[in-house]
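Dear colleague,

Please find the structure below. My notes on it follow, grouped by region.

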Amino acid sequence: MRHFELGKTGMMISEVGFGGIPIIRLDTDAAVRVLRRAFERGITFYDTANAYRDSEAKIGQAFQGMRDKVVIATKTIRRDAASATEQLENSLRMLRTDYIDLFQLHQIAHETEWQAVTAPGGALEAVVKAKLAGKVRHIGVTSHSLEMAVKLVKTELFSTIQFPFNFIEPDASTELFPLARDLRVGILVMKPFAGGVIDNADIVFKFLRQFPYAVPIPGYDSEQSVDDVVARYSRPNIVTEHDLALMDEYRNKLGKAFCRRCEYCQPCPKEVKITMAMGYPIFVSRMGPKVAMEFARIPMESIPQCEECGKCIQHCPYDLPIPEILKRNYALYVKDREENPD
Ligand code: SF4
Ligand code: SF4
């Protein structure tokens, strides 16, 4: 496993990191085993969030007594100083540490969020204060908006930028990444599997390894999944014509307008289970209509509750026409139901 400096932070990290979401669904012992396996195999960068339920607590338990051997990143989605401080203190407690290597302001996508975090009494003020107090070593930022990410990097206020990047969403490599590299801002890659819509790990990592300065943070839910990723990084990266054709196939099938399951659109005031319902065509293509109908029955049956208020669209970082897509998916579900009676 190659290790290199994250931006100009002076922190050496592994070329692939550890995303802290999937360990939520493991019990603590299993999560600790997976985390330690990752460390044994050379992974030294761990990214989590206050919002990822007990992910921080599991990381804290796994690395107790060896804090200086790992680089831990966490984040807050809070916009004001008081609640960002509260989350930061909670992260320190959960992680069983007195400092966080990289504390990120999460999901700054819209101008209003940027204004809120930078206003007097905003979250950035609290994080800068925590840095001065030695509780935070470096400040980073994450975004799903390319335009905003470019703006954030240009401010030179942040040591890292975390952004979605995969072969379906490769846009960051044209402007954002070169800019970040020029300014020596560390690049962290979220959603290497496009939020779960790409199910071919082979081409996912073959694509990403062409950008060796950007550190993907995939999730792991077993020791085997750690071994698989580490094995991929121990081989030379050879991208064949066949791999490129496969990537094209995914691109053509999914297009740009697909849901990344980030869940920023929820909760819906009418209790429509948006994220699952958005994914129905993918479930059908993976499982076939009969299993998909059963699997997604509750979210699909919630779609008629939608009153098209538009609230979800305002929160979707990809500006997806959610009610329209839901209607289309519901029509597909009804057709599947008619064609596949019990
Ligand atoms: S448009 Fe429909 S799905 Fe979206 S928030 Fe409103 S009621 Fe919920
Ligand atoms: S519809 Fe948009 S906000 Fe909601 S989960 Fe999908 S990508 Fe995220």
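Asparagine 166 has contacts (heavy atoms within 4.5 Å) with Lys191, Pro192, Ala194, Ile198, Phe207 and Leu208, once its neighbours within four places in sequence are left aside. Asparagine 166 sits in the loop between β8 and α7; helices here are DSSP runs of H or I with at least four residues, strands are runs of E with at least two, and both are numbered from the N terminus. Because its relative accessibility is 0%, asparagine 166 counts as buried (buried is under 20% relative accessible area, exposed over 50%, partly exposed in between, with a 1.4 Å probe and protein chains only). Its side chain reaches the backbone nitrogen of isoleucine 168 at 2.9 Å and makes a polar contact with the side chain of glutamate 169 at 2.7 Å. A polar contact is a pair of N or O atoms within 3.5 Å; within protein, one must be able to donate a hydrogen and the other to accept it, and residues adjacent in sequence count only if both atoms are side-chain atoms.

As to the source, this is a predicted model, in which local features need pLDDT of at least 70 and side-chain atom pairs count only at pLDDT 80 or more, while totals for chains, interfaces and linings use all residues. Residues are numbered from 1 along each chain as its sequence is written, chains are lettered from A and ligands numbered from 1 in the order in which they are written, and side-chain values use heavy atoms, with hydrogens and water left out.

Helix α1 (residues 28-40) packs against two helices discussed here, α9 and α2.

With α9 (residues 223-233), the axes of α1 come within 8 Å and cross at roughly 20°, which makes α1 roughly parallel to α9. Axes are lines fitted to C-alpha atoms, for helices over the stretch in contact, and angles run from 0 to 180 degrees between N-to-C directions. Angles under 35 degrees count as roughly parallel, over 145 as roughly antiparallel, 65 to 115 as roughly perpendicular, and the rest as oblique. On the α1 side the contact is made by Arg33, Val34, Arg37 and Ala38, and on the α9 side by Glu223, Val226 and Asp227. By class, this contact of α1 with α9 has 3 nonpolar, no polar and 4 charged residues (Ala, Val, Leu, Ile, Met, Phe, Trp, Tyr, Cys and Pro count as nonpolar, Asp, Glu, Lys and Arg as charged, and the others, Gly among them, as polar).

With α2 (residues 55-62), α1 packs at an angle of about 60°, the axes being 9 Å apart. That makes α1 oblique to α2, and this crossing too is right-handed. Thr28, Ala31, Val32, Leu35 and Arg36 in α1 meet Lys58, Ile59, Gln61 and Ala62 in α2. The classes for α1 with α2 are 5 nonpolar, 2 polar and 2 charged residues.

Arginine 36, in helix α1, is partly exposed, with a relative accessible area of 38%. Not counting residues up to four places away in sequence, arginine 36 touches Gln61 and Ala62.

In helix α6 (residues 146-154), the buried residues are Met148, Ala149, Val150, Leu152 and Val153. Their cover includes α4 (111-118), β7 (136-142), β8 (160-164) and α7 (176-182).

Lysine 206 is in helix α8 (residues 201-208). Lysine 206 counts as buried because its relative accessibility is 18%. Beyond four places in sequence, lysine 206 is in contact with Asn237, Ile238, Val239 and Asp243.

Some backbone geometry remains. Most residues other than glycine have a negative phi, and most peptide bonds are trans. Glutamate 156, in the loop between α6 and β8, has a positive phi of about 60° although it is not a glycine. At 52% relative accessibility, glutamate 156 counts as exposed. Arginine 96, in the loop between α3 (81-94) and β6 (100-105), has a positive phi near 55° and is partly exposed, with a relative accessible area of 42%. The peptide bond from glutamine 266 to proline 267 is cis, with omega near 5°; proline 267 is in the loop between α10 (241-254) and α11 (274-278).

Regards

Note on methods
Left-handed = near helix turned anticlockwise from the far one by under 90°.
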